Amino acid sequence: MVDLVIIDRAGSAHEFSAPGGGSLMEAVRAQGIYDIKALCGGSCSCATCHVYVEASGPLKPMSEDENDLLDGVSERREGSRLACQIVLAEGMAPLRVTIAPEE
Amino acid sequence: MPEAGLLIVGGGQAGATAAITLRQLGFTGGITILEATGAPPYERPPLSKDYMQGQRGFESFLIRPAAFWAQQQITLLTNARVAGLDAAARTVILQDGRVLSFTTLLWTAGGTPRRLTCPGAALDGVFTLHDREDADALIARLAFPRRVAVVGGGYIGLEMAAVLSKQGHHVTVLEAQERVLARVAGEALSRFMEAEHRAHGVDVRLGAQLAEITGAAGKVTGVCLANGERLVADLVVTGIGIVPQVAPLLAAGAMGGNGVDVDEFGATSLPGIYAAGDCARHRNRYAGNAWIRLESVQNATDQAIAAAHAIAGQPKPYTALPWFWSNQYDLRLQSAGLSLGHDMALVRGDMASRSFSILYLRENRLLALDCVNNARDYVGGKALIAVGTPLDLARAADPAVALKSLAAA
């Protein structure tokens, strides 16, 4: 399990653990948190699952496609990622994730 | 008869999004979703992609976890197919005879797949791909290599051809037009995709009019084309579009024809009755304000959000830029805008590199673009469509010049 803290757009923190193997996007959605649209279903095609990630450990670097899609969001910042491209792995350090503002 | 508040007819992408949005907006009234099938809201695009390949289980395609709806005080009635609507009495009648009342109605019933009408269309082995049941029925027949005739060379047909050929099935695509993707893409992309499918062993037949599906003992054995040619096939999969499901609405007096007509707030011509998604015909600013229907996740979502705002008393018009995506083999296709009415198509980049874009322009302004393995152009192009400034064609065609940088030019 991976420990997650998700800060939604209203500023509320959701603390929970998600199983390894799936993506961060799937974990957020499975938790029933409203704010993440993820319209392309996690195929790195749309940038509607933009989040800011503070990881206490290393994350796999982003692909060129993810980087390019993030160039299209209005509030790209340090830590900007597409949640569908972050794979949760067992034993991973906890993640603190803030859902980015709506486009 | 219980007071139903808002009734949402159809629990697909649009219906689910509207319900979620209303709760986000603080709408506290009753919300009931009537879904004709037995499934809670899920994403359909993976049916012809990941789901068909068995890569991800059905649970991961749920728009929200099954328990979410009850937690949000959203009543989800499955196996509830609407048969009729009385706009004045504010009631709907279900196929099983139940009558439900509403204060406000949102129609997000989408469409039903267009079926073949040729002889043999009812044979065992003819499939369509619209919902999970369709996908499961087809998957059950794919345990060993099959000869599959895919009818229709649109996105669904081509995605199916890619998935099935990857699994080792022998696939023939029958496209009635002279090129694949004829309805949605320019010729350059059509030719590229045709070549890609052929390189993967798919037999792409253009100008191929299906005359008959042949069978023996009630099962498909092949197809017969209008030119008399016969092909052996074990299975036939159709991807020939949808028919918008709006008959009860039109019968109740709503304006429409090919779908139901809505304004930019999702309102139909009937008071307090809204519609969104595949079935909603609307004036789209990216189509020169022409009346169109869009069959896409983007449209279903954004139109549903607009309708939800109107229903919540916080109107916000639907003005979103249309976008689409498709995955076939190792190709990621991303499109933005609508190419309707373009007077020029420019290829940006080397098609042989399998990473390029096609720009659709009208009077040198970017209307739309199709990007293949090129997220950078997709992102830059979206901004450029929105800005609408005339482009320097030489620079626009030069892949070394970022599309983004042309917005300021």
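Reader: Where does B:Thr37 lie in chain B?
Author: This is a predicted model. B:Thr37 sits in the loop between strand E2 (31–34) and helix H2 (68–71) of chain B.

Reader: Why is B:Thr37 called buried?
Author: Its relative accessibility is 18%. Buried means under 20%. B:Thr37 therefore counts as buried.

Reader: What does B:Thr37 touch, leaving aside its neighbours within four places in sequence?
Author: B:Thr37 is in contact with B:Thr78, B:Asn79 and B:Asp131. The side chain of B:Thr37 also reaches the backbone nitrogen of B:Ala39, at 3.3 Å.

Reader: Now B:Thr268. Is it buried or exposed?
Author: B:Thr268 has a relative accessible area of 9%. The limit for buried is under 20%, so B:Thr268 is buried. B:Thr268 lies in the loop between strand E19 (259–261) and strand E20 (273–275) of chain B.

Reader: Which backbone atoms lie by the side chain of B:Thr268?
Author: There are two to name. The backbone nitrogen of B:Leu270 lies 3.1 Å from a polar atom of that side chain. The backbone oxygen of B:Ile273 lies 2.7 Å from a polar atom of the B:Thr268 side chain. Setting aside residues within four places in sequence, B:Thr268 is in contact with B:Val260, B:Asp261, B:Val262, B:Ile273, B:Tyr274 and B:Ala275.

Reader: Why is B:Arg98 called partly exposed?
Author: The relative accessible area of B:Arg98 is 37%. Buried needs under 20% and exposed needs over 50%. The value falls in between, so B:Arg98 is partly exposed.

Reader: Where is B:Arg98, and what does its side chain meet?
Author: B:Arg98 is in the loop between strand E5 (91–94) and strand E6 (99–101) of chain B. Its side chain makes a polar contact with the side chain of B:Asp96, at 3.0 Å. Not counting residues up to four places away in sequence, B:Arg98 touches B:Leu77, B:Asn79, B:Ala80, B:Val92 and B:Ile93.

Reader: Why does B:Ser339 count as buried?
Author: Its relative accessible area is 18%, and the limit is under 20%. B:Ser339 is therefore buried. B:Ser339 is found in the loop between E24 and E25 of chain B. Beyond four places in sequence, B:Ser339 touches B:Val184, B:Tyr360, B:Leu367 and B:Ala368.

Reader: On to the interface. How many residues does the contact take from each chain?
Author: Chain B gives 28 residues and chain A gives 23 residues. About 2100 Å² is buried between chain B and chain A, with 47% of that from carbon and sulfur atoms.

Reader: What makes A:Glu64 and B:Arg376 a salt bridge?
Author: Their closest N and O atoms are 3.7 Å apart. The cut-off is 4 Å. The pair is within the cut-off, so A:Glu64 and B:Arg376 form a salt bridge. The count between chain B and chain A is 6 salt bridges.

Reader: Which elements give two or more residues to the side of chain B that touches chain A?
Author: They are helix H1 (13–24), helix H7 (297–311), strand E23 (323–328), strand E24 (331–337) and helix H8 (375–387) of chain B. By class, that side of chain B has 13 nonpolar, 7 polar and 8 charged residues.

Reader: What are the confidence scores?
Author: The model scores ipTM 0.91 and pTM 0.95. Chain B has a mean pLDDT of 95, with 99% of its residues at 70 or more.

Technical notes. Residues numbered from 1 in each chain as written. Chains lettered and ligands numbered in written order. Predicted model: local features only at pLDDT ≥ 70, side-chain atom pairs only at ≥ 80, totals over all residues. Heavy atoms only, no water. pLDDT = per-residue confidence, 0-100. Helix = DSSP H or I, 4+ residues; strand = E, 2+ residues; numbered from the N terminus. Buried < 20%, exposed > 50% of the residue type's maximum accessible area, 1.4 Å probe, protein only. Polar contact = N/O pair within 3.5 Å; in protein donor to acceptor, adjacent residues only side chain to side chain. Contact = heavy atoms within 4.5 Å. Buried area = accessible area lost by both parts, 1.4 Å probe. Salt bridge = Lys/Arg side-chain N within 4 Å of Asp/Glu carboxyl O. Nonpolar A, V, L, I, M, F, W, Y, C, P; charged D, E, K, R; others polar.
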